[in-house]
Amino acid sequence: MEKEISKATVARMPLYLRFLQEENLKGSTYISSAVIAQNISVSAVLARKDLALVSSEAGRPRLGFRVNRLIADIEKFLGYDSESNVIIVGAGGLGRAFLGYEGFKPNGLNIVAAFDCNEKLIGTEISGKPVLSMDELETFITERKIRIGIITVPKNAAQEILDRMVRAGVKAVWNFAPAPLRAPKGIVLQTEDLAASLAILAGKVCKIAEDR
């Protein structure tokens, strides 16, 4: 029977991985769940439960978990052990930033192209990645077997873009348009509202200032 893993647990996995990678670079061979938990700001019990969901590694008494084994198991769970090609729709400011960001590659993500409707951008390259016409979107996704798409277009165009991606074969969408998109069952949709996140952050800062 397949283990059910909550979204909260999945969201913690990159945090575990980053910490374990840092420990590995320091030369740590074993590490305890208590140390992991302390650095991830969760309880030791929760850390053990999370790790047990993605790894068969059993902690050894007085030693803890093997760091390299946990890293390998988490990377496999997150899909970092194999490369996935990704496309971006929207080659504006945010899209350009993603195209030039090198931090995705170590995590198994390779952005291969961007799509836009701006004639001045079509046919150019951004950070070595081609900007293609929206007319080529479905064919490109199908032929290259693209399974992950990033949306960085205005909100009024976002739903249509998602629908086109899904029809062509995309299975996971990372949406940065400030719009509540709908995705069919079986499609992974992650929406990031940057403006809302910044507003929440500003509100928390104001609250801290008031409490003082």
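The model is predicted. A search of the whole structure finds four salt bridges. A search of the whole structure also finds seven aromatic pairs. Selected examples follow, grouped by topic.

**Arg 12 in helix H1**

- Arg 12 sits in helix H1, which spans residues 7–25.
- Arg 12 is buried, because its relative accessible area is 16% and the cut-off for buried is under 20%.
- The side chain of Arg 12 makes a polar contact of 2.7 Å with the side chain of Asp 50.
- Leaving aside residues up to four places away in sequence, Arg 12 touches Val 42, Leu 46 and Asp 50.

**Salt bridges**

- Side chains of opposite charge can pair when their charged atoms come close.
- Glu 23 and Lys 26 form a salt bridge through their side chains, at 3.2 Å from N to O.
- Glu 23 is buried, at 12% relative accessibility, whereas Lys 26 is exposed, at 64%.
- Asp 73 and Arg 69 form another salt bridge, at 3.0 Å from N to O.
- Both Asp 73 and Arg 69 lie in helix H4 (residues 67–78). They are four residues apart, about one turn of the helix.
- Asp 73 is buried, with 14% relative accessibility. Arg 69 is partly exposed, with a relative accessible area of 29%.
- Arg 164 forms a salt bridge with Glu 138, and the closest N and O atoms are 2.6 Å apart.
- Arg 164 belongs to helix H7 (residues 155–168) and Glu 138 to helix H6 (residues 137–144), so this pair ties together parts that are 26 residues apart in sequence.
- Arg 164 counts as buried at 15% relative accessibility, while Glu 138 counts as partly exposed at 27%.

**Aromatic rings around Phe 98**

- Phe 98 and Phe 104 have ring centres 5.8 Å apart. Their planes meet at 45°, so the pair is tilted.
- Phe 98 and Phe 104 are both buried.
- Phe 98 also pairs with Phe 176. This pair is tilted too, with 5.0 Å from centre to centre and 55° between the planes.
- The pair of Phe 98 and Phe 176 links distant parts of the chain, 78 residues apart.
- Phe 98 is in helix H5 (residues 93–100). Phe 176 is in the loop between strand E8 (172–175) and strand E9 (188–191).
- Like Phe 98, Phe 176 is buried.
- One aromatic cluster takes in Phe 98, Tyr 101, Phe 104, Trp 174 and Phe 176.

**The buried side of helix H2**

- Helix H2 covers residues 33–40, and its buried residues are Ser 33, Ile 36, Ala 37 and Ile 40.
- These four are on the same side of H2, because they cover an arc of only 95° around the axis.
- Several elements cover the buried residues of H2, including H1, strand E1 (30–31) and helix H3 (44–54).
- Strand E2 (65–66) and H4 are also among the covering elements.
- H1 is the helix that holds Arg 12, and H4 is the helix that holds Asp 73 and Arg 69.

- Most residues other than glycine have a negative phi, and most peptide bonds are trans.
- Ser 41 is not a glycine.
- Ser 41 is found in the loop between H2 and H3.
- Ser 41 is exposed, because its relative accessible area is 67% and the cut-off for exposed is over 50%.
- Ser 127 has a positive phi of about 55°, although Ser 127 is not a glycine either.
- Ser 127 lies in the loop between strand E5 (125–126) and strand E6 (129–133).
- Ser 127 counts as partly exposed, at 48% relative accessibility.

Notes: Residues numbered from 1 in each chain as written. Predicted model: local features only at pLDDT ≥ 70, side-chain atom pairs only at ≥ 80, totals over all residues. Heavy atoms only, no water. Helix = DSSP H or I, 4+ residues; strand = E, 2+ residues; numbered from the N terminus. Buried < 20%, exposed > 50% of the residue type's maximum accessible area, 1.4 Å probe, protein only. Polar contact = N/O pair within 3.5 Å; in protein donor to acceptor, adjacent residues only side chain to side chain. Contact = heavy atoms within 4.5 Å. Phe/Tyr/Trp six-rings, centres within 6.5 Å; stacked < 30°, edge-to-face > 60°. Arc of directions from axis to C-beta.
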